[in-house]
Every structure is written in C-alpha cells, then in structure tokens.
Amino acid sequence: MESKTQLTDGCRFSVEVTVDDSSRDPEPLKPKKPRLAWLIVDFTCLLAVGLVCLLFKLVAVPYHRGFYCDDDSINKPYKESTVPSSVLYSVGFALAYLVICVTELCSQRRQKRSQHIEYVPFKWLKLKPHHIHVINLLVSFAFGGLVTIFVTDIGKYTVGRLRPHFLSICRAPSSVFLNCSHTYITEDVCTGDPGLLREGRLSFPSGHASFSAYAITFTIIYMEVMVSFPHSRFLKFSLQLLIAQLGVLCGLSRISDYKHHWSDVLTGLMLGALIAVLITDRVLGMFKRVMTSKHDSKG
C-alpha cells in the first residue's frame, strides 16, 4: 500500500493507492552467493551417494531368500520390460529439466531482473544470479534422484524378495518340483543365468516406481509453486495430471510385465513421492516460500 500526500491551496489531503499483490507472478527462489567450501561439501555429498549406488549395482549381493516349490506368485512368465531403465532415467531427468528451464526462462523475462554479475569462487567463471538459481535446481533434482535410487537399493538388497517371474528364470531340476507338497526350498537349486537370478531377487521395492514417483512429484510441486497461468483455470492442473499419469503408468507396467508384485510398486511410489517432498521442502525450501508469499499477500 502506497500513500501520497499533496498540498493544494493550503489544504492538505492524502491519497492511498492499494496494490493487489496476489495477482503478481511468483517470484523465483533467491539464490545465495555460493562459497567454495560449501560447494565442495555439496559436491562431495552428491558424489558419495552416486558412488554408493554404483557399488550396489556392481558388488552388492542380495539376500538369499528361499521359496515354496508350488508358489504361484513367483511362477509367472519372464517378459522384457515395457519401460527399460535407460528410458526411465532419460525421460525422468529430461522432463524435470525441461520444465525447470522453460519456467525459469519465462520467469526471467517477466521479472526483468538485474544484470548484476555474481562471481562464483573461480576466477575464470562468472554467472548471473538467475544462472546460479537454475543450476541449484538441476543439481538438487539430481541429488534427490540419487538418494531415491540409494534408499530403494537398500530395500532391494536387504529384503531380497523374489520377482513374480523367479521360477521361470530359476530353471531348477525337474526333481525339485516332483511330488511337491508345499516344500520350502532354501538350497541354491537354480541353474539359470546368474545375472537374471541376481536381478530376480530384487523385487522390493520397485525402482521404476520409486524413481518415476520422485521425478513426477518433484516436477508437480515445482510447477505448483513456480508456474502460473492467470487466464486459465485448468491448464496447469491438466499438465500436472498428464505428468502424474506418466509415472503411474510406468509403475503399473511393472506389474503387467511380471517384474514386481503390486505391493512393491505401491511402496516404491510412496517412497519416491516422500523423497521428492523432502527435497523440495528441506533442500529447496519451496513450501516455506509458499507460506511466506501467502503471509505477505494477506499482510
């Protein structure tokens, strides 16, 4: 609210002009000036989580769980994945990065930001505050994605739940299943491909479901905070719904492909969504920013 006072013929009067802050576009998150020491700490955390994820894939051994010879829940046929891991991670990162970059570019043009140059602690490199902000968003998303993979792998290798197609890749001798009367088999009787058998013990939770849920939840929350279509009631919601459907379909495909049990997919979706909420709130402070904006608009 602005107040203007003018003098006319010795009489004094005031005019109050009220500005509605609620119609303004959401302001971008203000980046803090980076310091070399903290950049090194953050990079170390990112690198450490990435290395642990790599070690899980290369050297970790899943828990060896036995099975019942007549268990129909693990006697499904083996099928190739509808959504390969390469497609999952490529689309997840590309979608989030595209939304972030397009939104920030449009926001920069609307806000008419200052052209002041911020220097990061490298003499040969100088970045504007807007560039630092975008890099912070991209790196934070990548860190959350690695955390999602890391937490998911802990569950996979600790629980060692058998996939629905385990018996079809086990290829145990026929004598194991002769006269089967609900016998619990703990011995290593499988003669199938070692790589497939290793993957066959990593059903819980679903990695596809957890990462897809993380990517779509992060993107939807970011859009809710940063994207605004003042002249449309349904456009933003429709885009968010479309993105959410991509993640749900990815999770459902793991059930139809007999790669996971339904409870694996449900747990993965919940896990990925939880990590996305934690990253957007605790790392990027988006929820705090929303509360601050609402408080300022009321004030």
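1. A quick definition to start: contact here means heavy atoms within 4.5 Å. The model is predicted, so local features need pLDDT of at least 70 and side-chain atom pairs count only at pLDDT 80 or more, while totals for chains, interfaces and linings use all residues. Residues are numbered from 1 along each chain as its sequence is written, and side-chain values use heavy atoms, with hydrogens and water left out.

2. Have a look at Thr-148, in helix α3 (residues 129-159); helices are DSSP runs of H or I with at least four residues, strands are E runs of at least two, and both are numbered from the N terminus. Leaving aside residues up to four places away in sequence, Thr-148 touches Ser-210, Phe-211, Tyr-214, Gly-272 and Ile-275. Tyr-214 is 66 residues away along the chain, yet the two C-alpha atoms are 7.3 Å apart. Thr-148 has a relative accessible area of 0%, so it is buried (under 20%; exposed is over 50% and partly exposed in between, with a 1.4 Å probe and protein chains only).

3. Most residues other than glycine have a negative phi, and most peptide bonds are trans. The bond from Phe-204 to Pro-205 is cis, with omega near -10°. Pro-205 sits in the loop between α6 (194-199) and α7 (207-226).

4. Which value does phi of His-182 take? A positive one, near 55°. His-182 belongs to the loop between α5 (174-177) and β6 (184-185) and is partly exposed at 49% relative accessible area.

5. Tyr-258 also isn't a glycine, and its phi is positive at about 60°. You'll find Tyr-258 in the loop between α8 (235-256) and α9 (262-283), partly exposed at 29% relative accessibility.
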